[in-house]
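This report covers salt bridges, a sheet and the helices around them. The model is shown first.

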Amino acid sequence: MSEQIILDPSQYPDTTQLVQEDDTPLDSFINEKQQRLLTEVLSGYELNDGIPFIVAANVGIFRTVRHPAIVPDIFLSLNVTVADSWDRRDVRSYLLWEFGKPPEIAIEIVSPTPGNELGSKFTDYALMGVMYYVVYDPLGELSDRPLQIFQLQGGRYVPKTDTWFPLVDLGLTLWPGVFESVNDTWLRWCDAEGNVIPTVEELAARLSQTQSQLTESQLQLTASQNQTKQALLQGIQLGLQLKFGSSGLEILEEISAIDDLNLLQTITSSLLTVEGLQDLRQIYLS
């Protein structure tokens with residue numbers, strides 16, 4: 001976990017002149033979808049035994065008041081929470097002296113117009129103290145490796161050979177599939193076994209599938225039970241006729257209303273020993 005920065009509030013710099021918003025557009029709709037996939041999927045998700053965290057897209061991170069903000073496509077920071085109100089300027093961006101620590105993970109998604117992901121940003125995130133730096137290059141603009149992950153060691157980034165972040169209890173994986181009607185390869189959060197963290201839509205689809213399977217199983221069970229009941233009733237009808245003649249069929253309608261298969265089986269076996277219809281009726285009326 002990133003080292004906590006302790007600063008007395010009286011030492012906080014003046015943030016009134018910080019430029020915290022601009023009108024720079026995103027490069028493409030696909031980048032916007034990818035960013036939402038990495039942020040919305042963690043809504044309501046629990047990390048590390050329920051500790052609080054922030055995951056955000058296109059939010060400026062200020063290392064010092066003298067340096068302009070770095071704006072990662074995605075960042076994730078543990079043990080921090082957002083403010084309840086946006087009235088104060090010092091809570092609208094990620095100010096390191098306010099939150100007391102850098103994010104654990106910063107993710108950059110390379111667009112058709114690269115933005116120094118392996119240049120100045122590489123250095124800036126290291127100076128900020130971000131433990132893991134991820135460069136996702138789906139179009140191969142920087143290299144033939146779509147996913148590169150780096151870990152901070154001794155103040156500089158070294159390549160990380162796996163995609164698991166033990167401090168965060170999450171991993172990343174490249175997932176071929178459909179998100180919001182777009183069939184592509186997406187960067188997804190995953191658990192230790194490589195299972196992607198499902199979106200709300202995926203959870204709803206799983207629930208619907210489970211309910212459908214349950215309903216189908218219930219229908220199959222009902223059909224099987226009906227077949228068993230009809231077979232038992234046919235046996236009872238034959239037994240009544242053989243033992244009591246046509247008068248035995250007088251109670252067949254009453255017996256046909258019984259849905260308890262165990263009771264019908266008891267009636268069937270009792271036909272061999274009962275002496276009269278009244279004795280038989282006592283079995284299912286008692």
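## Salt bridges

Glu180 and Arg36 form a salt bridge through their side chains, at 2.6 Å from N to O. The term covers a side-chain nitrogen of Lys or Arg within 4 Å of a carboxyl oxygen of Asp or Glu. The two residues lie 144 residues apart and link distant parts of the chain, with Glu180 in the loop between S10 and S11 and Arg36 in helix H1. Helices (H or I, at least four residues) and strands (E, at least two) are DSSP runs, numbered from the N terminus.

This is a predicted model, in which local features need pLDDT of at least 70 and side-chain atom pairs count only at pLDDT 80 or more, while totals for chains, interfaces and linings use all residues. Residues are numbered from 1 along each chain as its sequence is written, and side-chain values use heavy atoms, with hydrogens and water left out.

The structure holds 10 salt bridges, including these:

| Pair | N to O distance |
|---|---|
| Glu180 and Arg36 | 2.6 Å |
| Asp162 and Lys160 | 2.8 Å |
| Lys229 and Asp259 | 2.7 Å |

Lys229 in helix H4 (residues 200-244) and Asp259 in the loop between helix H5 (252-256) and helix H6 (261-270) are 30 residues apart, and this pair also links distant parts of the chain. Lys229 counts as buried at 11% relative accessibility, whereas Asp259 is exposed, with a relative accessible area of 59%. Buried means under 20% relative accessible area, exposed over 50%, and partly exposed in between (1.4 Å probe, protein chains only). Salt bridges with shared partners join Glu32, Lys33, Arg36, Glu40 and Glu180 into one network.

Six strands make an open sheet in the order S1-S3-S5-S6-S7-S8, with mixed pairing; two strands pair if DSSP finds at least two bridges between them. Strand S1 (53-57) and strand S8 (156-159) are the edge strands, each pairing on one side only. Strand S3 (residues 74-78) and strand S5 (residues 105-109) run antiparallel and are joined by three bridges. Within this pair, Phe75 stands opposite Ala106 in S5.

Helix H1 (residues 29-40) packs on the sheet, where H1 touches S1, S3, S5 and strand S6 (132-136); contact means heavy atoms within 4.5 Å. Among the buried residues of H1 are Arg36, Leu37 and Leu38. The buried residues of H1 also pack against strand S10 (170-179) and strand S11 (182-190).

How values were computed:
Axes fitted to C-alpha atoms, helices over the stretch in contact; angles between N-to-C directions.
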